[in-house]
Amino acid sequence: MLVAVVARDLRLAARRRIDALLPLAFFTIGVSLFPFGIGPETQTLRQVAPGVIWVNALLAAMLSVSQLFAGDHADGSLDQMLASGHSPVALAVAKALAHWLLTGAPLVLATPVFALLFDVDGASTLMLVITLLMGTPVMSLLGALGAALTLGLRSAGVLLIIIILPLCVPVIIFGVGAVQAAEAGLGADGHLSLLGALLIATAVGAPVATAAALRIATE
Amino acid sequence: MTTRTSPQAAPLRLFSFAAPSRFYALSGLLVPWLWAGAVVMTVLGLYMGFFVAPTDATQGEVYRIIFIHVPAAWMSMLLYLVMAFWAVIGWAFNARLASMVARAIAPTGAMFTFLALWTGALWGRPTWGTYWEWDARMTSELILLFLYLGYIALVNAIDDVRRADNAGALLALVGTVNVPIIYFSVKWWNTLHQGASVSLTAAPKMASTMLTAMLIMTVACWLYAFAVVFMRTRGIILERERDTDWVRALASGGAR
């Protein structure tokens, strides 16, 4: 069932390719906006690059995740999926995975290009990619929880950001911290381990909470 | 169900006051006393704190803001746990009064969090030289404020009352689980980025009058919180139970 839901979401996204690429476009514009605000001085940009890229990745993920269940909810297929007898936790995992494949993975692939814009060196870029690879699934998982909580509400987009962003603070701290530690020559192992722990804990806990939230939102 | 003229006619059981009507009556009796206690304790605590407690060796008179700052910070953290507790009870046992109490606690908790941040900033200016320092505790308190605001925003955004209560309970529960994680990560972040030359540590030894005054202020804040939460809960009860006989009788009869 997990594979079926992921495949369905990817197929639906393929029918609206432009819509699927919007988060990446937002990420691009957001990251490019910062130099205009901060100034083009290379030293400053190199310093702020990990934070800027991480925060924009987070915002891009949050903006796109509010519609995660909306389409299915609108045409009734969400109710069918929940009533089908299949595990709602598996549904939550599948939806978060689909979101990550559509939003997080392209972001991670595009990161080296933006690291170039900010004159980040190769080793730091690699660390940035690794940390985003571990952090973007956490954002998708927490975003799915937010989407389930705000299902069908008028102001779902902004509300989701308000309730989920505080929960994403640890991910940012350790993700950016790992890159900065690597840049400074200190070991990033501690940060990466904690990032991995966050990923595992979120992967175990968030789908359960998302399933509960879906039940609350649809009963 | 036999009809009774007064809700208190039945013998008291463990969950007697889980009924909105009985809680409404009981809280109505308690609220004036809670206010009185809060006012008395506040006057006593502030008098002790501002006039009786000795001058601090290192900070002078400025430290006296702790008599508001520390109780507010304690209350902000405690109220979040209490709010989450009652919200989850309401969700798990379908106890609507518990959910109403949770909703009533949220604004007070947010107020205490804001007060802690504000007084902390006012304290920081003369001691650290800056209004805001991204130290672990202040930053975690700021995130706690966001958690409160998120809860308030969510329950107010959902029109269906039961769905709003349950969604809020889940959010409060997730927030509670996350608070230690957030605090730890912020502490880690802060110690690694320790750029400030002056870091504030709590006074290692407090004169007993300082401690007493602080505890009195904590009790005062607690009584205040009870009073305000009870008042707010009464308002929510009247709103939600407006179709019941007893509320209709209250509204038309004008009885207390």
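Here are some questions and answers about the predicted model above.

Chains are lettered from A and ligands numbered from 1 in the order written, while residues count from 1 along each chain's sequence. In this predicted model local features need pLDDT of at least 70 and side-chain atom pairs count only at pLDDT 80 or more, whereas totals for chains, interfaces and linings use all residues.

User: What pattern of secondary structure does chain A follow along the sequence?

Analyst: Happy to start there! Helices (H or I, at least four residues) and strands (E, at least two) are DSSP runs, numbered from the N terminus. Chain A has nine helices and zero strands. Its pattern therefore reads α-α-α-α-α-α-α-α-α.

User: What radius of gyration does chain A have, and why does it agree with a compact globule?

Analyst: The radius is taken over C-alpha atoms, and the globule rule is 2.2 Å times the number of residues to the power 0.38. Because chain A has 219 residues, a compact globule would come near 17 Å, and this agrees with the chain's value of 18 Å.

User: Which element gives the most to the side of chain B that touches chain A?

Analyst: Good one! Counting residues as in contact if their C-beta atoms, placed from the backbone, lie within 7 Å, 23 residues of chain B meet 18 residues of chain A. On chain B, the elements giving two or more residues to this side are α4 (136-157) and α5 (161-192). With 14 residues, the top contributor is α5(B).

Key
Two residues are in contact if their C-beta atoms, placed from the backbone, lie within 7 Å.
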